[in-house]
Amino acid sequence: MAERFTAAQALALGRNHALIGLNLRIDRIVELQPVGTNEANIVWQWKFSEHYIQNFDDTKPKYGVVADHPELFDLNVNNGQ
């Protein structure tokens, strides 16, 4: 399951404006508890969007040296897309 971010939301997190034209969808892991046949409650979730680093804008949250934090998701990684 992925979270979708608008351009404004992505910029507020520290996303590089040159990458804003690309879709920003960040995965999350969700554990669900079925309720009936068509519903579910979220029991637990882990969001990559809470475990990121960015090195584009030092006025935005979670600014730092990406290479020093291999355990975090690089918000400005492009992956050639």
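**Entry 1: Gln45**

Which residues does Gln45 touch, not counting residues up to four places away in sequence? I looked it up and found Arg28, Ile29 and Val30. For me, touching is a contact, and that means heavy atoms within 4.5 Å.

Before going on, I noted that this is a predicted model, where local features need pLDDT of at least 70, side-chain atom pairs count only at pLDDT 80 or more, and totals for chains, interfaces and linings use all residues. I also noted that residues are numbered from 1 along each chain as its sequence is written, and that side-chain values use heavy atoms, with hydrogens and water left out.

Gln45 sits in strand β3, which covers residues 39-47. Its relative accessible area is 31%, so I wrote it down as partly exposed. The scale is this: buried is under 20% relative accessible area, exposed is over 50%, and partly exposed is in between, with a 1.4 Å probe and protein chains only. I then checked Gln45 against Leu32. They are 13 residues apart in sequence, and their C-alpha atoms are 8.8 Å apart in space.

**Entry 2: the whole chain**

Read along the sequence, the pattern is β-α-β-β-β-β. Helices (H or I, at least four residues) and strands (E, at least two) are DSSP runs, numbered from the N terminus.

Why do I call the protein more spread out than a compact globule? Its radius of gyration is 15 Å, well over the 12 Å that the globule rule gives for 81 residues. The radius is taken over C-alpha atoms, and the rule is 2.2 Å times the number of residues to the power 0.38. Along its principal axes, the C-alpha trace spans about 45 × 25 × 25 Å.

I checked burial too: 25% of the 81 residues count as buried. Of the contacts with a separation of 6 or more, 32% are between residues 24 or more positions apart.

**Entry 3: the core and Tyr52**

Which residues make up the largest nonpolar core? I found seven: Phe5, Ala10, Leu13, Leu24, Ile26, Tyr52 and Leu75. Such a core is a set of buried Ala, Val, Leu, Ile, Met, Phe, Trp, Tyr and Cys residues joined through side-chain atoms within 4.5 Å. In soluble globular proteins, nonpolar side chains tend to be buried together.

Leaving out residues up to four places away in sequence, Tyr52 touches Leu13, Pro61, Lys62, Leu72, Phe73 and Leu75. Tyr52 and Leu13 are 39 residues apart in sequence, yet 9.5 Å apart in space, C-alpha to C-alpha.

Ala10 was my next stop. With the residues up to four places away again left out, Ala10 touches Phe5, Arg15, Ile20 and Leu24.

**Entry 4: the loop between β4 and β5**

Lys62 is in the loop between β4 and β5. I noticed its positive phi of about 60°, although Lys62 is not a glycine. Most residues other than glycine have a negative phi. At 39% relative accessible area, Lys62 is partly exposed.

Is Ala67 buried or exposed? I read a relative accessible area of 69%, so Ala67 is exposed. Ala67 lies in the loop between β4 (52-53) and β5 (73-74). I also compared Ala67 with Leu32: the two are 35 residues apart along the chain, and their C-alpha atoms are separated by 34 Å.

**Entry 5: after β5**

Last, I looked up Asn78, in the segment after β5. Its relative accessibility is 32%, so Asn78 counts as partly exposed. Asn78 and Leu24 are 54 residues apart in sequence, and 10.0 Å apart in space, C-alpha to C-alpha.
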